[in-house]
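Subject: Handover of a structure and its findings

Dear colleague,

I am passing on to you the structure below, which you have not worked with before.

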Amino acid sequence: MDRDAILLTPGPLTTTLRTKLAMLKDWGSWDADFNAVTARVRERLLDVVHGHDSHVVVPLQGSGTFSVEAAVATVVPRQGHVLVPDNGAYCKRAARLTQMMGRRVSVLPAAEERPVDAAAVDAALAADASITHVILIHCETGTGVENPLAEVAAVCERRGRGLIVDAMSSFAALPIDARSVRFDALVAASGKCLEGVPGMGFVFLRRAIVDACAGNSQSLAMDLHDQHVYMGKTGQWRFTPPTHVLAALDAAIAQFVEEGGQPARLARYGDNCRTLVDGMAALGFEPFLAPEVQAPIIVTFHAPAHPAYDFKRFYAAAKARGFILYPGKLTQLETFRVGCIGAIGRNEMQQAVHAVADTLREMGIASGAPAL
Ligand SMILES: *Cc1c(COP(=O)(O)O)cnc(C)c1O
């Protein structure tokens, strides 16, 4: 069928026709029309976190990880020491990239099935005065667990340490208010809950720390301070911008605002998540996380215990029915993941559950129940 499959993946995700059509235009990167799009997108991004008084936002070319790396390179001095509470795959990635950039890193191990404990972060900061910054993954996309941003931000503020937040999979869906939650840097990207296409990230930098970031970055391309200063002077990106991606993001943000902004998006994703979990439960599937710690972004399900189950076949059969699933990311348990984000609603989630039911029948699996 000549129709795109529904992407049940946490970016890239299904986008609207209007967002796709916004890419059918060539832009000159020095042109005033394009600079106006950059300026508008930056304004509206600040609206999302109520950050106009406290923060600037700096866009950067590349996938989301590029912006996480840039945030660390820009905000953490070379002699800095970063604490990473680790309850999943994206925490491990943040620790690794920080270490590879030559900053000292300490990892605070935590259980994958639970949110990070703010009291444990507090104790780790109390025990080691050399820690300058904490990196928190807001929604750990590896499992789908929501980490306590406000609590960890309060701990960092009280102890006088910096906070870098990877809000890649939560920004624009879960509430983040820069007026009440203090962070030095918060990172997100075009192709997640704003429902744009992938290709650029953006980092909110706290105004009070921006000047002190000059010279921290060991990388030219990753230097957000330099990008910020240059953009301030010229209205332009330093190097070739992802023009089509930005135009798509501009269109996606217009639709986000029309839909009702973050509360409306959270409501839709919450409905998607409930529809999915309830429908899958009727087929015997069990989510990895307890409902109270599950963010409505991505759901990890245990693999069925049935001997005929095989993820590759399961994936291919669901794809043949028009739905793209996502592999699991846990090291100890066999799982798969289903995203709740993108330009999809209850109908698509119900259809996805039907596709899974049909897939199980084809594979001769009577129930999705795991071996617990
Ligand atoms: C998507 C995501 C990223 C970025 O991943 P890329 O593949 O580089 O776009 C980073 N952190 C989290 C929590 C994510 O969900």
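How much accessible surface does the protein chain have, and what percentage of it belongs to carbon and sulfur atoms? The accessible surface comes to about 15300 Å², and 54% of it belongs to carbon and sulfur atoms. Accessible areas come from the Shrake-Rupley method with a 1.4 Å probe, and for residues only the protein chains shown count as cover.

Please note that this is a predicted model, in which local features need pLDDT of at least 70 and side-chain atom pairs count only at pLDDT 80 or more, while totals for chains, interfaces and linings use all residues. Residues are numbered from 1 along each chain as its sequence is written, and side-chain values use heavy atoms, with hydrogens and water left out.

Overall form

The protein chain contains 12 helices and 14 strands; these are DSSP runs numbered from the N terminus, with helices being H or I of at least four residues and strands being E of at least two. Its radius of gyration is 21 Å, close to the 21 Å that the globule rule gives for 372 residues, so the chain is as compact as a globular protein of that length. The radius is taken over C-alpha atoms, and the rule is 2.2 Å times the number of residues to the power 0.38. Along the principal axes, the C-alpha atoms fill a box of roughly 60 × 55 × 35 Å.

Of the 372 residues, 56% count as buried. Buried means under 20% relative accessible area, exposed means over 50%, and partly exposed lies in between (1.4 Å probe, protein chains only). Among contacts with a separation of 6 or more, 73% are between residues 24 or more positions apart; a contact means heavy atoms within 4.5 Å.

Charges and salt bridges

The protein chain carries 35 positive and 38 negative side chains, and the centres of the two sets lie 3 Å apart. Lys and Arg count as positive and Asp and Glu as negative, whereas His and the chain ends are not counted. The place of a charge is taken as NZ of Lys, CZ of Arg, CG of Asp or CD of Glu.

The structure holds 17 salt bridges, each being a side-chain nitrogen of Lys or Arg within 4 Å of a carboxyl oxygen of Asp or Glu. One of them joins Arg 346 to Asp 271, with the closest N and O atoms 2.8 Å apart. This pair links distant parts of the chain: Arg 346 belongs to helix α12 (residues 346–363) and Asp 271 to helix α10 (residues 261–282), 75 residues apart. Arg 346 is partly exposed at 45% relative accessibility, whereas Asp 271 is buried at 18%. Salt bridges that share partners also join Glu 195, Glu 259, Arg 265 and Arg 268 into one network.

Another salt bridge is formed by Asp 177 and Arg 179 (2.8 Å, N to O), and Arg 179 is exposed with a relative accessible area of 61%. A further one brings together Arg 114 and Glu 113 (3.8 Å, N to O); Glu 113 is partly exposed at 36%.

Backbone details

Glu 195, a member of the network above, has a positive phi of about 65° although it is not a glycine. Glu 195 is placed in the loop between β9 (185–189) and β10 (200–206) and is buried at 6% relative accessibility. His 50 likewise has a positive phi, near 55°; this residue lies in the loop between α2 (32–48) and β2 (55–61). The peptide bond from Gly 11 to Pro 12 is cis, with omega near -5°, and Pro 12 sits in the loop between β1 (6–7) and α1 (17–21).

Individual residues

His 228 is in helix α8 (residues 224–234) and is buried, with a relative accessible area of 17%. Beyond its neighbours within four places in sequence, His 228 is in contact with Arg 42, Val 56, Val 58 and Val 210.

Thr 132 is found in the loop between α5 (118–127) and β5 (133–137) and is partly exposed at 30%. Leaving aside neighbours within four places in sequence, Thr 132 contacts Gly 80, His 81, Arg 161 and Gly 162.

Ala 371 lies in the segment after α12 and is exposed at 65% relative accessibility. The C-alpha atoms of Ala 371 and Ala 305 are 4.8 Å apart, while the two residues are 66 apart in sequence.

With kind regards
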